[in-house]
Amino acid sequence: MEKIIVAIDAGHGGKDPGAIGISKVQEKDITFKISKQLEHTLNKSKLFKVVMIRNGNYYVPISKRTKIAKKNHANVLISIHTNSSANSKTSGLSIWVLSKRKINSEVLYWPKKNIKNKKNSDKDQYNKHKKNAKNRIKSEFLDFQSHYVQKSGYIIATNIIKELKHVKNLHKTQYPKNANFGILKSPYFPSILIETGFISNQLDEKKLKNKSYQKIIANSIYRGLKKYFFENFKKIYKKGFKN
Ligand SMILES: [Zn+2]
């Protein structure tokens with residue numbers, strides 16, 4: 001059976017420490033530990049194969065992160081972060097997916113971006129394509145893909161939230177939130193960003209540093225992904241073709 005490729009993006013790294021916790025722990029270290037735990041959990045399953053966007057303490061720019069995922073034929077990207085607030089009482093977990101508006105504009109601009117540095121024959125091809133773009137964009141592959149990416153991203157995020165609900169003190173999120181973070185912008189695969197807790201909150205920070213807690217987060221993500229790819233993939237695929 002062909003495996004589902006999960007790109008795991010440990011937020012920050014190297015010269016970019018991310019947020020600093022109250023005990024001076026750095027976000028990049030927490031995100032890496034949770035990501036390694038997630039890698040371990042997913043690799044134990046026959047269903048998944050992991051691609052680590054960064055596999056050590058080094059800096060990778062956002063644009064390169066999505067490129068690495070695409071190059072490795074990722075079916076889904078999971079970006080791990082911790083949140084931070086000036087208010088030390090703020091706590092909880094949030095999950096982000098790409099906003100509807102942004103995905104549409106990404107898809108609409110996609111052909112143009114990709115033609116920029118190409119040969120003349122490709123440009124002619126593009127101009128031909130452009131003539132019919134209005135009608136074609138609605139029915140074509142990209143449209144299918146944008147629906148697929150958008151719907152599946154939202155459903156995966158919802159599944160993960162359901163799995164995380166039994167995690168005490170980290171269940172404030174009811175629905176995935178929409179955002180335009182750079183890491184979420186790829187039109188090729190669904191991307192989900194998880195803020196695993198507030199590093200600026202004493203209780204959250206303590207948990208985030210705890211290995212068994214990191215395992216709980218990794219397991220919840222794993223179960224959310226498994227549920228989606230087992231139960232929903234066929235359904236979404238068919239819906240995408242109808243539109
Ligand atoms: Zn971050």
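Before selecting anything, one definition: buried means under 20% relative accessible area, exposed means over 50%, and partly exposed lies in between, with a 1.4 Å probe and protein chains only. This is a predicted model, in which local features need pLDDT of at least 70 and side-chain atom pairs count only at pLDDT 80 or more, while totals for chains, interfaces and linings use all residues. Residues are numbered from 1 along each chain as its sequence is written, and side-chain values use heavy atoms, with hydrogens and water left out.

**The whole protein**

Start with a cartoon view. You will find eight helices and six strands; helices (H or I, at least four residues) and strands (E, at least two) are DSSP runs, numbered from the N terminus. Trace the chain from the N terminus and the elements come in the order β-α-β-α-β-β-α-α-α-α-β-β-α-α.

Of the 243 residues, 50% count as buried. Among contacts (heavy atoms within 4.5 Å) with a separation of 6 or more, 80% are between residues 24 or more positions apart.

**Stop one: strands β1 and β2**

Select residues 4-10, strand β1, together with β2; the two run parallel and are joined by five bridges. Strands count as paired if DSSP finds at least two bridges between them.

**Stop two: the zinc ion**

Centre the view on the zinc ion. Which residues coordinate the zinc ion? The donors are H12 through NE2, E27 through OE and H81 through ND1, at 2.1 to 2.2 Å. Donors here are N, O and S atoms within 2.8 Å of the metal (3.2 Å for Na, K and Ca); water is not among the atoms, so sites may look incomplete. The sequence spacing of the donor residues is H-x14-E-x53-H. H12 sits in the loop between β1 and α1 and H81 in strand β3 (residues 76-83), so the pair links parts of the chain 69 residues apart. Both of these histidines, H12 and H81, are buried.

**Stop three: the salt bridges**

There are three salt bridges to visit, each a side-chain nitrogen of Lys or Arg within 4 Å of a carboxyl oxygen of Asp or Glu.

- Select D9 and R65: their closest N and O atoms are 2.7 Å apart. D9 lies in β1 and R65 in helix α2 (residues 62-71), so the pair ties together parts 56 residues apart in sequence. D9 and R65 are both buried.
- Move to E39 and K36, which meet at 2.9 Å, N to O. The two are three residues apart in α1, about one helical turn. E39 is buried at 16% relative accessibility, whereas K36, at 29%, is partly exposed.
- Finish with R223 and E163, which meet at 2.8 Å, N to O. R223 belongs to helix α8 (residues 211-242) and E163 to helix α6 (residues 141-164), 60 residues apart. R223 is partly exposed at 32%, and E163 is buried at 17%.
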